[in-house]
Amino acid sequence: MARRHKNKHCAYCGAPAPETKDHVIPHELYPPSKLNSKVQRLTVPACSKCNNGWSDDEPHFRTLLTLAGEPNAAVRELWDGVVNRSLRKEDGPRRLEDVWNRMRPIETDGGVRHKIYPASDQRFLKVMRKIVRGLHYHEREYYVSDDLVSVDILRTEIPSEFLDAMPVHHREPDIFKYQFEVFDAFEDIPMSSTWLLTFFENRKFIASVWKSPESHP
Ligand SMILES: [Zn+2]
């Protein structure tokens with residue numbers, strides 16, 4: 001797999017001589033006090049076709065992600081600032097309606113509550129797969145197409161032996177960190193790599209890059 005063409009091809013489609021750079025982590029996830037973060041500046045080359053068209057999805061992604069769990073200080077800062085401002089914009093009511101439509105009633109000990117389920121939101125998952133593909137290009141220096149990537153909320157604890165073997169990359173502990181493991185040398189494993197993404201300290205997602213679209217579960 002000697003497909004090393006870093007900075008010569010679009011990270012998302014492989015088109016040669018891409019004319020723009022894309023922020024792998026949407027800058028919407030960084031509150032004002034984090035604007036100098038190194039992770040925020042993690043960029044990959046992208047053709048303008050792949051870089052455009054996310055202006056509606058990334059704020060939606062941020063809104064679901066910030067609503068989906070216990071807030072830390074960074075999430076509270078986002079809520080005080082950009083998220084509130086974004087919902088008060090002209091199209092704010094539509095964004096709010098989007099969010100409301102993503103809330104699912106669940107039974108709890110205290111009766112029926114509404115909870116955000118990002119893992120069932122296709123637009124949310126599309127942005128998450130794009131983040132994985134950007135990280136993949138940054139780390140592994142070749143692009144993978146969208147149909148090779150799957151993402152889900154992490155539903156089980158990962159054994160600590162496994163976690164310890166996955167170094168933490170680009171730690172910005174209260175915003176975003178990621179770990180990954182490569183399985184290319186293991187013929188019996190259908191995944192090329194597995195990625196563990198943690199947003200705002202407690203929103204954990206697991207992603208897989210598959211060796212072929214047919215090996216998808
Ligand atoms: Zn492209």
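The legends below describe close-up views of a predicted model of a zinc-containing protein.

Residues are numbered from 1 along each chain as its sequence is written, and side-chain values use heavy atoms, with hydrogens and water left out. Because the model is predicted, local features need pLDDT of at least 70 and side-chain atom pairs count only at pLDDT 80 or more, whereas totals for chains, interfaces and linings use all residues.

**View 1. Overview of the protein.** The secondary structure comes to six helices and nine strands; helices (H or I, at least four residues) and strands (E, at least two) are DSSP runs, numbered from the N terminus. Of the 217 residues, 47% count as buried, where buried means under 20% relative accessible area, exposed over 50%, and partly exposed in between (1.4 Å probe, protein chains only). The protein exposes about 11,500 Å², of which carbon and sulfur atoms supply 52%; accessible areas come from the Shrake-Rupley method with a 1.4 Å probe, and for residues only the protein chains shown count as cover. Among contacts (heavy atoms within 4.5 Å) between residues at least 6 apart in sequence, 61% join residues at least 24 apart.

**View 2. The zinc site.** The SG atoms of Cys10, Cys13, Cys47 and Cys50 coordinate the zinc ion at 2.3 Å. Donors are N, O and S atoms within 2.8 Å of the metal (3.2 Å for Na, K and Ca); water is not among the atoms, so sites may look incomplete. The four donor atoms subtend angles of 102 to 116° around the zinc ion, which makes the arrangement tetrahedral; four donors count as tetrahedral if all angles lie between 85 and 135 degrees. The ideal angle for four tetrahedral donors is 109.5 degrees. In sequence the donor residues follow the spacing C-x2-C-x33-C-x2-C. Distant parts of the chain are linked by Cys10, in the segment before β1 (20-23), and Cys47, in the loop between β2 (43-46) and α1 (48-51), which lie 37 residues apart. Both Cys10 and Cys47 are buried.

**View 3. Surroundings of Val24.** Val24 lies in the loop between β1 and β2 and is buried, with a relative accessible area of 2%. Leaving aside neighbours within four places in sequence, Val24 is in contact with Leu42, Thr43, Val44, Ile131, Gly134 and Leu135. The C-alpha atoms of Val24 and Tyr137 are separated by 9.8 Å, although these residues are 113 apart along the chain.

**View 4. The largest nonpolar core and helix α2.** A nonpolar core is a set of buried Ala, Val, Leu, Ile, Met, Phe, Trp, Tyr and Cys residues joined through side-chain atoms within 4.5 Å. Of the 48 residues in the largest one, Phe61, Leu135, Trp195, Leu197, Phe199 and Phe200 touch the most other members. Elements that each supply at least two residues of this core include α2 (57-67), α3 (73-88), α5 (122-140) and β8 (191-199). The largest share, eight residues, comes from α5. Not counting residues up to four places away in sequence, Phe61 touches Pro26, Leu29, Phe124, Val127, Met128, Ile131 and Phe199. Phe61 is one of the buried residues in α2; ten of the eleven residues of this helix are buried, so α2 is largely enclosed by the rest of the structure.

**View 5. Strand β9 and its partners.** Six of the eight residues of β9 are buried, so this strand is largely enclosed by the rest of the structure. Two strands pair if DSSP finds at least two bridges between them. β9 runs antiparallel to β5, with five bridges, and antiparallel to β8, with eight bridges. Phe205 in β9 stands opposite Ile153 and also opposite Leu197. β8 and β9 form a hairpin with three residues between them. Phe200, in the loop between these strands, has a positive phi near 50° in a residue other than glycine and is buried, with a relative accessible area of 0%.

**View 6. Thr194 and the pairing of β7 with β8.** Seven bridges join the antiparallel strands β7 and β8, and five of the seven residues of β7 are buried. Thr194, in strand β8, stands opposite Glu181. At 7% relative accessibility, Thr194 counts as buried. Apart from neighbours within four places in sequence, Thr194 is in contact with Met166, Gln179, Phe180, Glu181, Phe183, Ile206, Ala207 and Ser208.

**View 7. Backbone at Ala17.** Ala17 lies in the segment before β1. Phi of Ala17 is near 50°, a positive value in a residue other than glycine. Ala17 is exposed, with a relative accessible area of 60%.

Notes. Four donors count as tetrahedral if all angles lie between 85 and 135 degrees; four count as square planar and six as octahedral if opposite donors are over 155 degrees apart and all others between 65 and 115; anything else is irregular.
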